[in-house]
Amino acid sequence: MSQTKPKLLIIEDDPGLQKQLKWSFDEYDVVVAGDREAALAQLRRHEPAVCTMDLGLPPDPDGATEGLATLQSILALAPDTKVIVLTGNQDRAHAVQAIAMGAYDFHQKPCEPELLSLVIKRAFFLHGLQQENRRMQQNQADSPLAGIISRDPGMLKVCRQVEKVAPSSATVMVLGESGTGKEVIARALHAGSPRAKERFTAINCAAIPETLLESELFGYEKGAFTGAVKQTKGKVEMANGGTFFLDEVGDMPMPLQAKLLRFLQERVIERVGGHEEIPVDVRIVCATHQNLKELAKTGRFREDLYYRLSEIVLTIPPLREREGDAVLLAQHFKNRFSTQEGRGNLHFTPDALAQISHHEWPGNVREMENIIKRAVIMADGPAITSDDLGLSGAPEEEQPFNLRQVRDEAEYKAIVKALAQVEGNIVKASELLGVSRPTLYDLMERHAIKASAS
């Protein structure tokens, strides 16, 4: 029977209190330890999700040094463990220090079994949620869209488009500002296609000198130019059977645009210095942060190539337009880099979250990733503050979460806008808003709105 119960570790050097706590929590499989060495041994053996711990442990039963050292060892060995510190009234400062080190909560002695039981249940519940979230993330790891984290309707629409387009053979153009994740979308298109087991090859047109770009794309024959000591395949040919990703295609020189257009039409290439036509079966996905239509109008991009490349166009919204995604991504990167850097239970302070939410993020997700990684490394304690983020400018006033307040503000704005549009005509305003005249009068009275502006 005990094997089905959750494991609870009690770290307490008083044998009488050990028995009392063990008897109080018979719904758990309780294991006990009286010192640091025994506690770590029980932790390794049973891997409890939750433990209670007295700060006064031998050899310092009257102080907190050994208890705090034990807490540090527990969190280093098993960072997900929820540690509840038991402390006397005079030890409140030590309890606060324990929380700062990463303890889940603290409870004052003498223990009140019912209250402590509630704290323990909450700790088990939180631990279970975190484990379930981790399992969900692992299950989603094989999904083509696993690298895309968003709750924004615009971004979720892009994800649905990727799922529809991926199985097809259509050439796809991905538009978006730098750092929005265009290559992530390209890889998702490849992973969701029948070509997923073949090669995904990428090239950045802006990162390669114009004189070398052609040979990088199409390869070259031996002796084609000085230094060409052997026949070399280009990136297009190397992607045969798979997907070829052309990043920053708007920076491609005009002469190469003509050759790329011929490849898209004929599906054959010629290596530099060669005359043999080589058939290549490859799907093309391209990306750019530029407006190719405008470039085509000014003669800097071939219009016929633009239409060849844009059979399907996916537009990624910038991070500043993705509602709620800034904080969501910040939490994701914080968790990832905390694990990588061994920083355990880091969390954001409210002022840091407010700054993340209101920052414009001109560098989009790439900027976010770099900022959070630096903050994880530079944070002094268990909390990432606004100073650790190093973002310029003070956050704007936090938007209300209260639904009534949000609704009232939205109603007020809609009524004022409708009345302005119809020059104060109540009948027309009620028709615009889709409500009856009495309802509109009631709303206007509630929001102190006059029909005509004074």
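Five strands make up an open sheet in the order β7-β10-β13-β6-β14, with parallel pairing; two strands pair if DSSP finds at least two bridges between them. Helices (H or I, at least four residues) and strands (E, at least two) are DSSP runs, numbered from the N terminus. The model is predicted: local features need pLDDT of at least 70, side-chain atom pairs count only at pLDDT 80 or more, and totals for chains, interfaces and linings use all residues. Residues are numbered from 1 along each chain as its sequence is written, and side-chain values use heavy atoms, with hydrogens and water left out.

- The edges are held by β7 (200–204) and β14, each of which pairs on one side only.
- Direction ignored, neighbouring strands of this sheet are turned by 20° against each other on average; axes are lines fitted to C-alpha atoms, for helices over the stretch in contact, and angles run from 0 to 180 degrees between N-to-C directions.
- Strand β6 (residues 172–175) runs parallel to β13 (residues 283–288), and 4 bridges join them.
- Val172 has Val285 as its bridge partner in β13.
- β6 is also joined by 4 bridges to β14 (residues 312–315), again in parallel.
- In that pairing, Met173 stands opposite Val313 of β14.

**Sheet β2-β1-β3-β4-β5**

- This open sheet has 5 strands in the order β2-β1-β3-β4-β5, and the pairing is parallel.
- β2 (29–33) and β5 (105–108) are the edge strands with a single partner strand each, so one side of each has no neighbour in the sheet.
- From one strand to the next, the twist averages 20°.
- The parallel strands β1 (residues 7–11) and β3 (residues 50–54) are joined by 4 bridges.
- Leu8 has Val50 as its bridge partner in β3.
- Helix α2 (residues 36–46) packs on the sheet, where α2 touches β1 and β2; contact means heavy atoms within 4.5 Å.
- The direction of α2 makes about 150° with that of β2.
- Helix α4 (residues 92–101) also packs on the sheet, touching β4 (82–87) and β5, and its direction makes about 160° with that of β5.

**Helix pair α13 and α15**

- The axes of α13 (residues 325–341) and α15 (residues 364–378) come within 9 Å and cross at roughly 45°.
- That angle makes α13 oblique to α15; angles under 35 degrees count as roughly parallel, over 145 as roughly antiparallel, 65 to 115 as roughly perpendicular and the rest as oblique.
- α13 passes α15 in a right-handed crossing; a crossing is left-handed if the near helix is turned anticlockwise from the far one by less than a right angle, and right-handed if clockwise.
- Residues of α13 in the contact include Leu329, Phe333 and Phe337, and those of α15 include Met368, Ile372 and Val376.
- By class, the contact of α13 with α15 has 10 nonpolar, 1 polar and 5 charged residues; Ala, Val, Leu, Ile, Met, Phe, Trp, Tyr, Cys and Pro count as nonpolar, Asp, Glu, Lys and Arg as charged, and the others, Gly among them, as polar.

**Helix pair α18 and α19**

- The axes of α18 (residues 426–433) and α19 (residues 437–446) come within 9 Å, crossing at roughly 95°.
- α18 is therefore roughly perpendicular to α19.
- Ile426, Val427, Ala429, Ser430 and Leu433 of α18 make the contact with Arg437, Leu440, Tyr441 and Met444 of α19.
- The residues of this contact divide into 7 nonpolar, 1 polar and 1 charged.
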